[in-house]
Protein chains: 2
Amino acid sequence: METRHAKTVQTAGFKLTPPRQAVLTALESGDDHMTPAEVLARAQAIYPSLGRATVYRTLELLTNLGIVRPIFLGERGVCLTLAEGGHHHLICSDCGAVVEFDECPVSELEQELAERLNFQIRGHLLEFYGLCAQCQG
Amino acid sequence: METRHAKTVQTAGFKLTPPRQAVLTALESGDDHMTPAEVLARAQAIYPSLGRATVYRTLELLTNLGIVRPIFLGERGVCLTLAEGGHHHLICSDCGAVVEFDECPVSELEQELAERLNFQIRGHLLEFYGLCAQCQG
DNA sequence: CGATAATTGAGACCTGATCTCACTGAGACG
DNA sequence: CGTCTCAGTGAGATCAGGTCTCAATTATCG
Ligand SMILES: [Mn+2]
Ligand SMILES: [Mn+2]
Ligand SMILES: [Zn+2]
Ligand SMILES: [Zn+2]
């Protein structure tokens, strides 16, 4: 019950077990683009007997609850992020370089879509892809 | 040399072979969110002896050339799209529903980032995620 | 405290993706 | 022409993440 999202798990009717707490802590304290393997490693550091299947099950649960969100970073494959907020990436299709940026022209649209389509929006991903300076040919 | 992107392959110094043409045609004529398996099936319909490995190799080549772009649609996994242009999705974290929308508040920012960071931008992906009307609890 | 149903870890299993390797065929060159 | 070279290819072996199964455990509630 100490991690930021523990209560969401409980009020949704799921048990707040040590394995789940370990996964939550791993996600909340770690880098924001962790692969499942990295989440597993981090969470096992907290709770050593943790099994791989449990991590995948927990990630699916947290995704369904809207706490976590899988995104796909070309080179790294699927990574996990906390759902809240935005991600803004510029990605080179050739070498895979990822640049993050801060500008976000999206919030008014978010508002409007949420109302029009009756969606409860938690976060977003804005990615531009193309060729970085080095890879332009 | 008949498909829309054939020339790009050639001018980059790669051979425009029948297997590659088949993959290009599959991509250009098919749905815009095809899994690798669907691309394989479609391309094999055009060129039956086509092997799986060749499809993956070609998709990687086309990705590096900036023609094609893998994106990750939660439920469906990785899908391939033509890189040019934008994708705008609203995705339910719980049931996986994907709604497409048309508004795009992104082009001015695209321009600015391209100049500032010296990127040649080909396309973008804007995804909102949250809970659809049915899945809000 | 039990009762009960959810949750778990180990390991078998599956499946998509990658690698290996012998082969092909389109040019380059004499 | 003949021959060399080398990018490209398909078949199939292999690999690696991810999923499933199942018996054991445990959070939660009355
Ligand atoms: Mn990010
Ligand atoms: Mn789309
Ligand atoms: Zn690059
Ligand atoms: Zn939904």
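A:Glu38 is partly exposed, because its relative accessible area is 30%; the class lies between buried, under 20%, and exposed, over 50%, with a 1.4 Å probe and protein chains only. Its partner in a salt bridge is A:Arg76, with the closest N and O atoms 2.6 Å apart. By salt bridge I mean a side-chain nitrogen of Lys or Arg within 4 Å of a carboxyl oxygen of Asp or Glu. This pair links distant parts of the chain, 38 residues apart: A:Glu38 sits in helix H3 (residues 36-46) of chain A, and A:Arg76 in the loop between strand S1 (68-73) and strand S2 (77-82) of that chain. Helices (H or I, at least four residues) and strands (E, at least two) are DSSP runs, numbered from the N terminus. A:Arg76 is also partly exposed, at 38%.

Before I continue, a word on the basis of these values. This is a predicted model, in which local features need pLDDT of at least 70 and side-chain atom pairs count only at pLDDT 80 or more, while totals for chains, interfaces and linings use all residues. Residues are numbered from 1 along each chain as its sequence is written, chains are lettered from A and ligands numbered from 1 in the order in which they are written, and side-chain values use heavy atoms, with hydrogens and water left out.

Let me turn to chain B. B:Arg76 and B:Glu38 form a salt bridge with closest N and O atoms 2.5 Å apart. B:Arg76 lies in the loop between strand S1 (68-73) and strand S2 (77-82) of chain B, and B:Glu38 in helix H3 (residues 36-46), so the pair ties together parts 38 residues apart in sequence. A further salt bridge joins B:Arg116 to B:Glu112 at 3.2 Å. These two residues are 4 apart in helix H5 (residues 107-117) of chain B, about one helical turn. Shared partners join A:Glu103, B:Glu112 and B:Arg116 into one network. Over all chains, the whole structure has 6 salt bridges.

Next, the metal sites. Which residues donate to the zinc ion (ligand 3)? They are A:Cys92, A:Cys95, A:Cys132 and A:Cys135, each through SG, at 2.2 to 2.4 Å. Donors here are N, O and S atoms within 2.8 Å of the metal (3.2 Å for Na, K and Ca); water is not among the atoms, so sites may look incomplete. The 4 donor atoms subtend angles of 104 to 116°, which makes the arrangement tetrahedral; that label requires all angles between 85 and 135 degrees for four donors. Along the chain, the spacing is C-x2-C-x36-C-x2-C. Both A:Cys132 and A:Cys135 are buried.

The manganese ion (ligand 2) is coordinated by B:His33 (NE2), B:His87 (ND1) and B:His89 (NE2), at 2.3 to 2.4 Å. Its donor residues are spaced H-x53-H-x1-H, and both B:His87 and B:His89 are buried.

Finally, DNA strand C. Of the 18 residues around it, A:Thr17, A:Arg20, A:Thr54, A:Arg57 and B:Tyr56 come nearest; a residue counts as near if one of its heavy atoms lies within 4 Å.

Note on methods:
Four donors count as tetrahedral if all angles lie between 85 and 135 degrees; four count as square planar and six as octahedral if opposite donors are over 155 degrees apart and all others between 65 and 115; anything else is irregular.
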